[in-house]
Amino acid sequence: MAEPVERQVLRRLTPSDEEIVINFGPQHPSTHGVIDFVTQTNGEIIRRSIPDIGYLHRGLEKIGEAVGYPGYMPFTDRIDYLAAMLANEGYAMAVERLLKLEVPPRAKYLRAIAGELCRISSHWVAVGSMAADIGASTPLTHALREREAINDLLEELCGARLTFNYARIGGVSFDAPEGWREKVLRYLDHLDSYIQEWDRLISLNEIYVKRLAKVAVISREKAIAYGLCGPNLRASGISWDTRRDLAYGAYPEFKFDVPVGEGKMGVKGDCWDRYAVRVLEMLESSKIIRQALAKLPEGEIMAKVARKPKPEAGEAIGRVESARGEMCYYVVSDGSENAYRVRVRTGSFMAMGIIEEMSQGLMIADLIALIASFDIVAPEIDR
Amino acid sequence: MKITTALDSTSLTRRYPKTALATTLFFMLALPFLLYVVLLLMLPFNRPEALNAVAQRLGWDLGHSLYRDTWYGVILLVEGTVVALYAAVFAGVTTWVERRIAGRMQSRIGPNRPGVFGFMSWVADAFKMLFKEDLIPAEADRLLFRAAPYFSMVGLTLPFVVLPFGESVVVADLNVGVFYLTATSAFIVVGILVSGWASNSKWALFGAVRGAAQVVSYEIPAGIAIMVPVMMAGTLSMQGIIRAQGGLPWQWFACQNPAAFVAFFISVTASLAEGNRTPFDLPEAESELVAGYHAEYSGFRIALFLMVEWANMWIMGALAVTLFLGGWQIPFVSVEMINQTRGTEVFPTLLWFGWQLVSLLVFAVKTWLLVILFIWLRWTLPRVRVDQMMALCWKYLVPGAFACFIFTLFWVMVPASVHLVSGVVLSAGVALLLVKFALRTRKNIAQVKGASVDLSNW
């Protein structure tokens with residue numbers, strides 16, 4: 001029998017007499033789910049911290065081989081419950097490529113609007129819980145209040161508040177209800193002015209900046225070498241955004257900036273940059289939604305799809321820019337009703353690799369800042 | 001038939017609104033009032049001679065009694081119990097105040113179910129804590145684990161001996177009062193250290209070591225900053241320091257001497273750190289150390305730790321008010337005026353008791369304002385890191401406190417007219433800052449549009 005993972009991790013740690021090994025997790029307020037950071041420390045200074053993942057493994061990829069193509073959609077919600085819209089979209093795109101389907105333009109736009117709303121809501125949780133991890137609990141509740149408003153909007157759109165199951169293979173499940181457009185616009189107006197208050201509340205708070213600036217700096221080269229993606233990659237100064245550079249769905253028709261880390265408060269690629277990139281991205285998402293709502297075409301929201309689609313044998317990839325970085329679905333078909341393989345690559349998982357190297361020499365509080373700055377969602381790591 | 005669930009906590013308040021109102025009023029007004037009245041009536045007589053005189057007046061010669069010292073001890077014990085009760089009730093009420101303020105700041109409601117305004121939640125919490133299992137981890141050092149909360153309790157209750165409540169309302173006006181207070185409040189860190197070690201948990205140990213390092217470090221700037229008013233008053237006695245100040249802002253030490261103004265902030269910062277309040281709550285940093293030194297505690301023992309933490313806010317506030325903000329001094333009423341109303345009888349006149357009550361209220365209001373400031377800070381600021389906490393102490397506060405100390409050495413030599421001028425200038429400056437703060441707040445509220453005070457769910 002193979003050696004248990006925990007023992008494999010522990011074997012790699014060789015604490016001296018002065019040092020102790022301490023488990024950050026699996027139950028810990030700041031690990032954002034069930035992850036264990038096995039940490040060797042000398043007092044407050046960390047020698048090395050190894051993430052021990054797998055506590056939340058539910059075999060979601062294997063389930064994809066059993067439930068049929070449309071039946072897998074609700075499971076994608078559970079991969080990233082904070083940005084379920086984007087997870088839906090990625091899977092739908094992969095299967096649509098297998099089926100060689102063309103999605104109606106209105107559905108593409110609705111996916112973009114719902115996806116960007118979901119990105120804002122996910123980023124609210126990210127920046128709020130980051131502030132909470134640094135020790136300020138007030139911003140978290142304010143962020144959750146903002147997220148509630150988006151949850152209300154998305155509930156009106158698709159009936160769910162967390163696991164949306166909104167995208168369908170070939171389109172989306174519901175059209176936007178009457179009056180929804182105005183509500184979204186009203187929220188976006190609120191968001192644009194609220195971000196200023198948010199910055200005064202926490203982003204520019206002296207203690208907060210001092211806690212995050214110049215902490216756990218990830219250089220450009222390191223970010224690429226470890227395969228970071230999404231906001232974590234952009235914070236290191238690399239302008240790569242799947243929405244812009246791969247231009248899927250309705251995104252080629254929108255104009256938006258891709259915020260990158262500039263080292264405004266310290267060094268490029270520090271924790272504050274990873275935080276600030278997310279705040280700025282919310283404003284960019286707001287721009288995208290405004291454009292999409294202005295240009296929203298009329299028409300069908302679903303393409304013609306068989307109830308139990310049987311794509312030809314082959315493979316396809318759906319890449320979307322999720323809130324936690326590039327989310328990539330790899331689906332292989334053998335010509336039957338069920339997929340032969342479903343594999344998912346997620347942003348949180350990619351962020352796990354760099355933690356061991358980055359944690360060396362950090363302080364305990366900095367490790368918390370580092371983990372929080374990656375905006376990890378545990379089920380996305382383990383799937 | 002109407003079915004109500006037995007566990008519905010709202011139903012009691014809703015079903016018996018009058019009982020709920022009465023209970024709330026009792027706990028909100030009658031209980032503190034009772035304590036204050038007992039303090040007011042007992043403490044002025046708390047010298048042996050005064051006690052003897054009172055006993056004689058009642059037809060009982062305590063002075064020649066065989067058990068005189070025993071009786072005196074018993075009375076002191078009663079007084080001690082009352083003051084300790086005051087600490088406990090204050091801690092309870094403050095949890096409610098803090099939770100309501102936090103609720104408002106965090107754009108949520110906060111506890112509003114038990115009793116009117118949810119005021120009874122602290123009583124409910126206390127009962128809940130009492131009934132919880134008192135769990136001791138299997139690998140813990142049982143004796144030390146059980147003893148640790150009591151060390152903290154001792155550190156909390158002993159300072160109350162010298163803390164003034166009003167003009168004559170103080171348990172004991174020691175001539176080394178300030179020194180005694182700083183010395184005894186350091187007991188709290190013994191509790192923290194013992195609990196962290198005895199829990200046999202790495203998180204608790206981290207919290208304890210952080211706590212020890214933090215409290216011991218911050219005692220130094222706090223101690224030096226405290227020397228500033230001590231020098232200005234020329235005494236270590238708490239009451240003596242207050243008597244050296246006056247009732248009006250420019251007669252307070254903080255506004256009289258620029259160095260004392262700085263020392264006030266140093267002292268408050270240091271006492272925040274000693275009291276483990278945000279932004280210095282490192283020993284129990286939830287997001288880092290789970291719960292820090294009291295991670296393994298439950299039931300009554302954690303209630304003691306939490307009580308120490310909250311009641312400590314009264315000590316922090318009262319110390320700052322005593323040393324820098326004029327204590328119980330009533331504006332336009334001098335100590336001599338109060339003393340004149342006392343009369344020559346054993347029992348002072350009613351008017352004298354009235355002035356005592358006013359001074360008591362002045363002191364309580366000032367202290368409460370500071371306590372609310374501490375609460376406000378806690379729900380606004382993030383936590384500093386360990387090295388930043390140490391750097392702040394040793395690089396800024398200690399040299400700053402020393403500079404204030406040396407400045408004050410020369411300050412006490414300048415004539416009193418200079419004190420008055422600088423007092424008026426400094427208090428005008430503080431008033432200006434407050435106005436500026438209010439304007440800024442208004443501007444911020446106007447910027448977000450539509451932020452309003454919603455009291456509908458009180």
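The model is predicted; local features need pLDDT of at least 70, side-chain atom pairs count only at pLDDT 80 or more, and totals for chains, interfaces and linings use all residues. Residues are numbered from 1 along each chain as its sequence is written, chains are lettered from A and ligands numbered from 1 in the order in which they are written, and side-chain values use heavy atoms, with hydrogens and water left out.

Helices are DSSP runs of H or I with at least four residues, strands are runs of E with at least two, and both are numbered from the N terminus. Helix H17 of chain B covers residues 386-411. H17(B) has 26 residues and reaches 35 Å from its first C-alpha to its last. This is close to the expected 38 Å. The expected span is 1.5 Å times one less than the number of residues. H17(B) also bends by about 35° at B:Leu397. The bend is the angle between axes fitted to the seven residues ending at a residue and the seven starting there. A proline, B:Pro399, follows within four residues.

Several residues of H17(B) are buried, among them B:Val386, B:Met389, B:Cys393, B:Leu397, B:Ala401, B:Cys404, B:Thr408 and B:Trp411. Buried means under 20% relative accessible area, exposed means over 50%, and partly exposed lies in between (1.4 Å probe, protein chains only). An α-helix has 3.6 residues a turn, so residues three or four places apart point the same way. B:Phe410 also lies in H17(B). B:Phe410 is exposed, with a relative accessible area of 54%. A nonpolar surface patch of about 600 Å² includes B:Phe410. Patches take residues with over 30% relative accessible area and no salt bridge; like charges are joined within 9 Å, and nonpolar side chains (Val, Leu, Ile, Met, Phe, Trp, Tyr) within 5 Å. Accessible areas come from the Shrake-Rupley method with a 1.4 Å probe, and for residues only the protein chains shown count as cover.

In chain A, helix H4 (residues 84-99) has 16 residues. Its end C-alpha atoms are 23 Å apart, which agrees with the 22 Å that the helix should span. In H4(A), 14 of the 16 residues are buried, so the helix is largely enclosed by the rest of the structure. A:Lys100 follows H4(A) and has a positive phi, near 55°.

Most residues other than glycine have a negative phi. A:Ala247 has a positive phi of about 45° although it is not a glycine. A:Ala247 lies in the loop between helices H11 (242-245) and H12 (271-295) of chain A. Its relative accessibility is 34%, so A:Ala247 counts as partly exposed. In chain B, phi of B:Ser107 is positive too, near 60°. B:Ser107 sits in the loop between helices H4 (68-105) and H5 (121-131) of chain B. B:Ser107 is partly exposed, with a relative accessible area of 34%.

A salt bridge is a side-chain nitrogen of Lys or Arg within 4 Å of a carboxyl oxygen of Asp or Glu. The count comes to 44 salt bridges over all chains. One of them pairs A:Arg106 with A:Asp175 (2.9 Å, N to O). A:Arg106 lies in helix H5 (residues 105-134) and A:Asp175 in the loop between strand E5 (171-172) and helix H7 (180-203) of chain A, so the pair ties together parts that are 69 residues apart in sequence. A:Arg106 is buried at 8% relative accessibility, whereas A:Asp175 is partly exposed at 33%.

A salt bridge also joins A:Glu357 and A:Lys222 (3.2 Å, N to O). A:Glu357 lies in helix H13 (residues 347-358) of chain A and A:Lys222 in helix H9 (residues 220-225), 135 residues apart. A:Glu357 is partly exposed at 30%, and A:Lys222 is partly exposed at 27%.

Between A:Asp366 and B:Arg385, the closest N and O atoms of a salt bridge are 2.9 Å apart. A:Asp366 lies in helix H14 (residues 364-373) of chain A and B:Arg385 in the loop between helix H16 (350-378) and H17 of chain B, so the pair joins two chains. A:Asp366 is buried at 6%, and B:Arg385 is buried at 9%.
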